Each structure stands twice: as C-alpha cells, then as structure tokens.
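Dear colleague,

Please read them with the structure open.

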Amino acid sequence: MLALMAFGSIAMWLGAPIGWIYVASQLQHGSTPSLGPYLLVLVAVPLTMIVIARGLSALNRRYTRYIGADTDARVRLPWMRSMRDDRDARAPRTVLDVIMVGSVALAVLCMAIWFFVFAGSSLPK
C-alpha cells in the first residue's frame, strides 16, 4: 500500500501534468496555435489531480484501518483555540502526509534539475 501511495503521489505531481501536456501537444496541428489544447490542459490537469488525490485519501484510510491506527482524533483548528490552549495539540501525522511532502520535494528537485541543467538559455547570444 505504501508503494502504491508513493506511486500515486508522484503520478499526481509529475505524471498528470506531463501526460496531459503530451496529449495536448499531439492535438496541436501545424504551427498556428489553437485554444483547444490549452483549455484541455487547463481543465484536465486539476481534474486528474483531484481524482488521484481522492484515490490517495481512500488508500490512506484503508492503510490506517489496516494498521489499526486511531482515526477518530479530534483536532481543534488553530483559529478556534484559546490563547491559553495547549500549543502542542496538533493533528496526527499520517503516512500519506510524509509521502506527499517527499513527492512534492522530488517534483521540485526534478523541475530545478530540468530548468538549470537541460532547459538551456533563452537569452540571445
């Protein structure tokens, strides 16, 4: 389940945008740009990310039930707390939280490597 969550989170941040950009590039004919592929990417990428996020959330709930973790922890939101309330009362960190932070860090690292190493300069020489 953990490997599936890791794959899903990487697919959400890297696979969905790259996949839809590739599909849109195949729909573009000739050298004159049309609005259709741009709208496809603009609509399809967020919708695909929402679908993947819901699947990851369901997978995380199944994982927490499998390991027997307590999922009924009540968390009071920061703006609803008293100033004298316990400052260390936070929501429990889940495995999906850690995996998502790692996948976002990996996506940012891949983007930085592409930008600084492979993209080249667009400035005139």
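In α1, the buried residues are Met5, Gly8, Ser9, Ala11, Met12, Ala16, Pro17 and Ala24. Please keep in mind that this is a predicted model. Among the elements that cover these buried residues of α1 are α2 (35-67) and α3 (95-118).

As to the geometry of the helix, α1 runs over residues 2-27, and at 1.5 Å a residue its 26 residues should span 38 Å, which agrees with the 36 Å that separate its end C-alpha atoms. The helix α1 also bends by about 50 degrees at Ala11, and Ala11 is itself listed with the buried residues of α1.

Turning to the aromatic rings, the structure holds two aromatic pairs. One of them is formed by Trp114 and Phe115, whose rings lie 6.5 Å apart centre to centre with 50 degrees between the planes, so that the pair counts as tilted. The other joins Phe115 and Phe116 in an edge-to-face arrangement, at 5.0 Å centre to centre and with 85 degrees between the planes; this angle is over 60 degrees, and therefore the pair counts as edge-to-face. Trp114, Phe115 and Phe116 form one aromatic cluster.

With regard to accessibility, Phe115 has a relative accessible area of 48% and is therefore partly exposed, whereas Phe116, with a relative accessible area of 66%, is exposed because the cut-off for that class is over 50%.

Conventions: Residues are numbered from 1 along each chain as its sequence is written. This is a predicted model: local features need pLDDT of at least 70, side-chain atom pairs count only at pLDDT 80 or more; totals for chains, interfaces and linings use all residues. Side-chain values use heavy atoms; hydrogens and water are left out. Helices (H or I, at least four residues) and strands (E, at least two) are DSSP runs, numbered from the N terminus. The expected span of a helix is 1.5 Å times one less than its number of residues. The bend at a residue is the angle between axes fitted to the seven residues ending there and the seven starting there. Buried means under 20% relative accessible area, exposed over 50%, partly exposed in between (1.4 Å probe, protein chains only). Contact means heavy atoms within 4.5 Å. Rings of Phe, Tyr and Trp (its six-membered ring) pair if their centres lie within 6.5 Å; planes under 30 degrees apart count as stacked, over 60 as edge-to-face and the rest as tilted.
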